[in-house]
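Subject: Handover of a structure and findings

Dear colleague,

Please find the structure below, handed over for your study. I would be grateful if you kept it open while reading the notes that come after it.

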Amino acid sequence: MSESDDQPKTKNKSVISSGNEELDGKLGGGLPINSVNLIEGGSGSGKSVLAQQITWGSLQDGFSAAVFTTENTVKSLVKQMQSIDLDVLDHLLLGALRIYPIELGALGDQAPNLLLQAMHKEKSRDVIVVDSFTSAIIHSTDEKNTIRFFEGCKRLTSEGVTIIIVLHSDAMDSEFINPIRSMCDAHLQLRSEQDGQRLVKLLQVVKIRGAASSTGAIVGFEVEPGWGMRVIPISKARG
């Protein structure tokens, strides 16, 4: 069933599930609703796949979502998610999911502000995903715009929105990114490590509001075509 902007938000769940039981276990059950969540990592570390997994899980639970993507068109994102067994086409056709391709790099210093304005127009959604915010930072000469963007995201969460922001680790120096991390309710950090002949992906749960027991948890995972995101034992992940 499609969801109109006038319908109330889903209220019977306290977390956003990834739809992957093993992964949720490492996240303390899932991401807290009405929160700002940062997914951070280097190139090829699985940031987008994780964001897509959480988007799919939220839709499966009856939440509505909007995705702002600098990486895909609507068609390519749907196809990419289908290739890893995360089919969102029905959700898109029924209105539960909206996808907005964006070119933040072309907007210069105004990119963070204009993106925030676009997100405000989607505040009737339960979940808003930005994949990724990196180009807005790279092409901005005023770091204050980025701080204001995250402050604006915090205000949006008070209206019942859960926000997931994907960011490349090398986009900002550590002195600047640390305050950004501290503003977020959850911080998930990804990296890739060589294990013999293969490259495995590791997810570290740096922090999740209300789920202290998960802090520091490290999850190994692989992404397999037709199967999706598969959690693997940490000992295996590290060889």
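This is a predicted model: local features need pLDDT of at least 70, side-chain atom pairs count only at pLDDT 80 or more; totals for chains, interfaces and linings use all residues.

Residues are numbered from 1 along each chain as its sequence is written, and side-chain values use heavy atoms, with hydrogens and water left out.

Salt bridges

Side chains of opposite charge can pair when their charged atoms come close. A search of the whole structure finds nine salt bridges (a side-chain nitrogen of Lys or Arg within 4 Å of a carboxyl oxygen of Asp or Glu). In one of them, the side chains of Glu40 and Arg181 meet at 2.6 Å, N to O. Glu40 belongs to strand β3 (residues 36-41) and Arg181 to helix α8 (residues 174-183), so this pair ties together parts that are 141 residues apart in sequence. Helices (H or I, at least four residues) and strands (E, at least two) are DSSP runs, numbered from the N terminus. Glu40 is buried, with a relative accessible area of 0%; buried means under 20% relative accessible area, exposed over 50%, and partly exposed in between, using a 1.4 Å probe and protein chains only.

Arg98 forms a salt bridge with Glu122, with the closest N and O atoms 3.0 Å apart. This pair links distant parts of the chain, since Arg98 is in strand β5 (residues 97-101) and Glu122 is in the loop between α5 (111-120) and β6 (127-131), 24 residues apart. Arg98 counts as partly exposed at 24% relative accessibility, whereas Glu122 counts as buried at 6%. Arg98, Glu122 and Arg125 are linked in a network of salt bridges.

The side chains of Lys123 and Glu159 also meet in a salt bridge (3.1 Å, N to O). Lys123 is in the loop between α5 and β6, and Glu159 is in the loop between α7 (143-157) and β7 (162-168), 36 residues apart. Lys123 is partly exposed at 35%, and Glu159 is partly exposed at 38%.

The largest pocket

The largest pocket is lined by 16 residues, of which Gly44, Lys47, Ser48, Glu71 and Asp131 lie nearest its centre. Helix α2 (47-60) and strand β7 are the elements that give two or more residues to this lining, and α2 gives the most, with four residues. A pocket is found on a 1 Å grid over the protein atoms alone, as an open set of points with protein on both sides within 12 Å along at least five of seven lines, and lining residues have an atom within 4 Å of a point.

Two residues

Thr70 is found in the loop between β4 (65-69) and α3 (74-83), and at 25% relative accessibility it counts as partly exposed. Thr70 touches Ile102, Leu104, Asp131, Ser132 and Ser135, not counting residues up to four places away in sequence; contact means heavy atoms within 4.5 Å.

Gln52 is in helix α2 and counts as buried at 5% relative accessibility. Leaving aside neighbours within four places in sequence, Gln52 is in contact with Leu77, Gln80, Met81, Ile84 and Leu86.

Yours sincerely

Key:
On a 1 Å grid over the protein atoms alone, a cavity is a set of points where a 1.4 Å probe fits but cannot get out, and a pocket is an open set with protein on both sides within 12 Å along at least five of seven lines; lining residues have an atom within 4 Å of a point.
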